[in-house]
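Subject: Structure handover

Hello,

Please find the structure below.

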Amino acid sequence: MAVSFAQNMITRLADAAITKGMAVKSGTDSSHCAKGAANTDKVFGIAQNTVTTAEDAVEVALPGGGAKALLGEICLAGSYLVAHTDGTLVLPN
């Protein structure tokens, strides 16, 4: 039996290097994104590929997109998470 689900993804250009699994926020304009770097950042998705330079294309999984993120600490399933300074997801302070 085949199983499939609709992926909820967009593509943006990177403002700088981003690693697969990092939380991303809006970048310098509507076509760019940057890694989430503070627990107050309004992140909108999870990077699905690694880019090493600015202007590289980043696939971003939006809520409901089936993404896997990088965790910066141990947490329980269903926990509310925020971006850490290194782009990983952590529990809020």
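Two strands count as paired if DSSP finds at least two bridges between them. Strands themselves are DSSP runs of E with at least two residues, numbered from the N terminus. With that in hand, one example is Val24, whose bridge partner in S3 is Lys35.

Before the rest, some ground rules. This is a predicted model, in which local features need pLDDT of at least 70 and side-chain atom pairs count only at pLDDT 80 or more, while totals for chains, interfaces and linings use all residues. Residues are numbered from 1 along each chain as its sequence is written, and side-chain values use heavy atoms, with hydrogens and water left out.

Confidence

The score pLDDT is the predictor's confidence in each residue, from 0 to 100. Its mean over the protein is 91, and 94% of the residues reach 70 or more. Strand S3 (residues 32–35) has the highest confidence, with a mean of 97, and strand S6 (residues 82–83) has the lowest, at 92.

The barrel

Five strands close into a barrel, in the order S1-S3-S2-S4-S5, and the pairing is mixed. From one strand to the next the twist averages 55°; for such angles, axes are lines fitted to C-alpha atoms, and the angle runs from 0 to 180 degrees between N-to-C directions. As background, strands of a sheet pair through backbone hydrogen bonds, either parallel or antiparallel.

Here is the barrel, pair by pair:

- S1 and S3 run parallel and are joined by two bridges. Ala14 has Cys33 in S3 as its bridge partner.
- S3 and S2 run antiparallel, with three bridges between them. Ser26 has Cys33 in S3 as its bridge partner. A hairpin of five residues leads from S2 to S3.
- Strand S2 (residues 23–26) and S4 run antiparallel and share three bridges. Ala23 stands opposite Ile46 in S4.
- S4 and S5 are antiparallel and joined by two bridges. Ile46 has Ala61 in S5 as its bridge partner.
- Strand S5 (residues 57–61) pairs with strand S1 (residues 9–14) in the antiparallel sense, over five bridges. Met9 stands opposite Ala61 in S5.

Ile46 faces Ala23 and pairs with Ala61.

The largest pocket

How much space lies in the largest pocket? The figure is about 250 Å³. The search uses a 1 Å grid over the protein atoms alone: a pocket is an open set of points where a 1.4 Å probe fits, with protein on both sides within 12 Å along at least five of seven lines, and lining residues have an atom within 4 Å of a point. Grid points are joined across faces, edges and corners, and the volume is the space filled by probe spheres set on the points.

The lining has 15 residues, and the closest to the centre are Gly45, Ile46, Ala67, Ala69 and Leu89. Strand S4 (residues 43–47) gives the most to this lining, with four residues. By class, the lining holds eleven nonpolar, four polar and no charged residues. Here Ala, Val, Leu, Ile, Met, Phe, Trp, Tyr, Cys and Pro count as nonpolar, Asp, Glu, Lys and Arg as charged, and the others, Gly among them, as polar.

Buried means under 20% relative accessible area, exposed over 50%, and partly exposed in between (1.4 Å probe, protein chains only).

Asn49 lies in the loop between S4 and S5. It counts as partly exposed because its relative accessibility is 21%. Asn49 and Ile10 are 39 residues apart in sequence and 12 Å apart in space, C-alpha to C-alpha.

Glu55 is also in the loop between S4 and S5. Its relative accessible area is 48%, so Glu55 is partly exposed. Phi of Glu55 is near 80°, a positive value in a residue other than glycine.

Tyr80 sits in the loop between S5 and S6. Is Tyr80 buried or exposed? Tyr80 counts as exposed, because its relative accessibility is 61%.

Regards
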